Amino acid sequence: WEVVGAKLASLDEVPWYGDGPRLLLVLGSDARPGQRVEGFRADSVHVVATVAATGQGSIVGIPRDSWVEASYGGNSKLTNTMASRGPAVVLETVKNLTALDLEGYLLTGFSGFEGLVDAFGGFSIDVPYGMSDPKSNAYFSSGVQEFDGADALAFARNRTDTPNGDFGRSFNHGRIMLAAMPEVQAMGIDELPGLLEILMAFVTTDLTAGDLLAIAATSYELDPNQVTNLVVPGRVGATSGGASVVFLGDGATEVFTDVADGVLDGDY
């Protein structure tokens, strides 16, 4: 047995799920049903940070087309590093890019994401604006509504009918995570083993069982209103080798430095 966390309210102590903030990389592959998720592009790239002791956290989206120095050498779109080398390379590339102590990754694809949402029972989300996008099958009016897996996938995929394109889509991915959090918390931490069993049916990870359990447990301590969702800024409209790319600048570096303690304090 190994102690990986504890709720210590009876001792008038803050909850403990490991020292310091927990930071991991959440990846969404553009692999379609039946395709190997590790061998396709990373269309969704997010650093997720949690601080159980304070109930705070952060979701930081990194544009998929960010022009980065790959961990294996040379420059590439971030999204392409997974298609060529797999999620472990994306993790190392993002570690180098951000200088953050990321513990590991969670990865899923289209069918895994849809199945995961359905297995968890869906969630309620406040859609920020109306959508009518045939490419992603996203047809939603603004306002609070219930999403199943197909709805969540359509909402997550839409970038042509979303303000700021990929930046807006990445921000919506953070919205999905925040919307799902209260639904999971309502199930109670006693349900965590079963929820993790569901999770592992639809995602792949390099986290140990102990780390996965501890990081998942921190989600029960978070106040969704104290979790900041943002996408790092970048210069769009640029090209490299004929490909459209996003160049990250000082603003992105500031965000990465700020989130090292798990909490974004800056005014972005």
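## Elements around the largest cavity

At least two lining residues of the largest cavity come from strand E2 (42-51), and at least two come from helix H5 (165-187). The model described here is predicted.

## The cavity and its lining

A search of the whole structure for cavities of 30 Å³ or more returns 1. The largest cavity holds about 60 Å³ of space.

Its lining consists of Asp43, Ser44, Val45, His46, Ile62, Pro63, Arg64, Asp166, Arg169, Ser170 and His173. Sorted by class, these lining residues comprise 4 charged, 4 polar and 3 nonpolar residues.

## The second largest pocket

The volume of the second largest pocket is about 150 Å³. Two or more of its lining residues are given by each of H5, strand E13 (234-240) and strand E14 (243-248). Among these elements, E14 provides the largest share of the lining, with 3 residues.

The residues that line the second largest pocket are Pro63, Arg64, Asp65, Arg159, Asn164, Asp166, Phe167, Val236, Gly237, Ser244, Val245 and Val246. By class, the lining of this pocket contains 5 nonpolar, 4 charged and 3 polar residues.

## Residues in both linings

Pro63, Arg64 and Asp166 are listed in the lining of the largest cavity and also in the lining of the second largest pocket. Helix H5 likewise contributes to both: at least two residues to the lining of the cavity, and two or more to that of the second largest pocket.

How values were computed:
Residues numbered from 1 in each chain as written. Predicted model: local features only at pLDDT ≥ 70, side-chain atom pairs only at ≥ 80, totals over all residues. Heavy atoms only, no water. 1 Å grid on protein atoms, 1.4 Å probe; cavity = no way out; pocket = protein on both sides within 12 Å on 5 of 7 lines; lining within 4 Å. Points joined across faces, edges and corners; volume = space filled by probe spheres on them. Helix = DSSP H or I, 4+ residues; strand = E, 2+ residues; numbered from the N terminus. Nonpolar A, V, L, I, M, F, W, Y, C, P; charged D, E, K, R; others polar.
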